[in-house]
Each structure stands twice: as structure tokens, then as C-alpha cells.
Amino acid sequence: MMSHAAYVLASYGIATLTVVGLCLWVIADGRARQRELRELEASGVRRRSAEASNGETR
Amino acid sequence: MSENSLAIRKFSDLANPTRFLALADRVLPWLAVVTALFFVVGLWLSFTTEGDYQQGETVRIMYVHVPAAWLSMMCYSVMALAALGTLVWRHPLADVSSRAAAPIGACFTFLALVTGSLWGKPMWGAWWVWDARLTSVFVLFLMYLGLMALNRAMDDPARSSRVSAVLVLVGFVNIPIIKFSVEWWNTLHQPASVLRLDGPTIDPEFLRPLVVMAIAFTLLFFTLHIAAMRNEIWRRRVTSLRRLAARSAGREV
């Protein structure tokens, strides 16, 4: 039988791992999408609204 | 311009994904800092307040378990509101919001189940029992996973948004079942002791860290949700740009 402190530690440990993992996933996902957008822009593909904003706004 | 129409314009501005991205850039750093501060205070309170005279140290599990469980239900309610936004108002960001919330909700539900299990073993003598509260939260977890799978299976958001919105709304019936399961049925899980009509029945010694941790978790949810929505908007832009590039490449040949 584990001591009470072990259950508390396990709970906080798993909570920390889950929350940190979730945060890292969201950050990594955002970075990867931004990289893709930059690559597309570098290869000359632009959004229609971005092209329009070069001429006149909206 | 009257004040009222200005307010309406400000609200409808949020429907523009570009405006949303600008707002997210401005708000996210502040939200992240405030969330971290609340977690520091919350965790400090969680470990410095006294243990319970019956439960001893295990009462500290409550400060993660209860906020995670609240958040698992709040996240689904946010998704249900977003589903209404998709079906009724066809708000362009509603589907983005619902899709971005599903993995976050799944994580909080997972946390509620695991910490509940770790609390149940020393207090009830069992890791798991199929009582109404535990079973209905487990169903909620499966629903999050199902919605995530559905969103991944259909890669065209224009087609998947309505299907997943209907599914979210049908699944919302589970939320009142979770909330009132402890009153409707005879469960091993205790009934509510904070959000009650006759006021909290929990000692202020435990209520203080619980409230701070609940605020910290709620702020964490909104920070992650806004960031995930931003990612989802970027993801859709990448998809549409790739389609645009493929189409123009086809024309050149």
C-alpha cells in the first residue's frame, strides 16, 4: 500500500506532465504552421486579401 | 456613430480571422503571465494549507481534481456554444473554436479521471467503480476523443463543421447528467460541496486554494484555447494557400 503522500505526488506529477505536454504541443503546432506559411509566402504564394491590400485596403 | 452600433461593430470585427489573430497576439502574453502567477499562488496554497482531519494529505488531490473536472465540463459547454454559432449564426470562427477546444477538453477530462482514481484508491479503497458520476465523465472523455477523430477524418472544414456541430449539441445532454448524477443516483462519489444553492459546505481552509487553482485552470484553458484557435486559423490558411498554389501551377502548364 502506497503512503498518502505518494498518491498526492503522483496526482501532481501526472497533472504537471499533462499540462506541460499540452502547452508544448500547442506551441509546437503554432511554430510548424507559421513555418509553413513563411515557406509558402517565400515561394510566392499569397492570399488574395494580402494581394488586395497592396493596392487598396478592403 | 452611436455607441450601440460601435459595440456591435466591435463584436462582429471578431468574426474576421485577421482581426482575431491581431487580438490574440496582443492578449496571449498577458494571459500567459497572469495564468502562471495564479498557478504559483495556487500551488503554494495547495501545499501549505493544512491536511484534512480525516483524509489527511490526500485532500490536496482535490486542488487539481476538482478544477480539472470543472474545466472538462466548461470546455464542452464552450464547444456547444460554438456549435450553436456554427449552425445558427454561421460565425466563421465558431467551428475553429470548437475544433481547437476538443483536445484541450480531452486533456482536462483525462486529468479529472486519473487524479480521481488516485484519490479513490486511498479513500474508497478502489481505483475505479462504475457509479453514475465516474461513468458519465468517462463517456465525456470518449466523446472528446470521438469528436477529435471525426475532425481529423474529414479534412474539408466546410463539410465537417456542420456534422461535428450537430454531434457536439447531441452530446451536450451528458453535461447536466454529469452535474446532477450525484443527486439523481446513489453514487460513491460525493455530491457538490462548493456550487450549492445553500452556499459552500467546505471549510475556508480548503476553499481558498481550491478557488485560486480553479481560476488558474480557467485562465490556462482560455490561454490555450486562444492559442489553439490561432493555430487552427493558420492551418486553414496553409491548406487554402496550397490549394491556390496547386491551381495556379495547373494553369501554367
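B:R90 lies in the loop between α3 and α4 of chain B, where helices are DSSP runs of H or I, at least four residues long, numbered from the N terminus. Phi of B:R90 is near 50°, a positive value in a residue other than glycine. B:R90 is exposed, with 12 other C-beta atoms within 10 Å (exposed means 12 or fewer such atoms, buried 20 or more, partly exposed in between, with C-beta atoms placed from the backbone).

This is a predicted model, in which local features need pLDDT of at least 70 and side-chain atom pairs count only at pLDDT 80 or more, while totals for chains, interfaces and linings use all residues. Residues are numbered from 1 along each chain as its sequence is written, and chains are lettered from A in the order in which they are written.

α4(B) and α5(B) pack at an angle of about 150°, with their axes 9 Å apart; axes are lines fitted to C-alpha atoms over the stretch in contact, and angles run from 0 to 180 degrees between N-to-C directions. The two helices α4(B) and α5(B) are therefore roughly antiparallel (angles over 145 degrees).

The largest nonpolar core has 61 residues, a core being a set of buried Ala, Val, Leu, Ile, Met, Phe, Trp, Tyr and Cys residues joined through C-beta atoms within 7 Å. α8(B) gives the most to this core, with 15 residues. B:I104 is among the residues with the most contacts inside the core. Leaving aside neighbours within four places in sequence, B:I104 is in contact with A:L22, B:C75, B:F221, B:L224, B:H225 and B:A228 (contact means C-beta atoms, placed from the backbone, within 7 Å).

Note on methods. Contact = placed C-beta atoms within 7 Å. Parallel < 35°, antiparallel > 145°, perpendicular 65-115°, else oblique.
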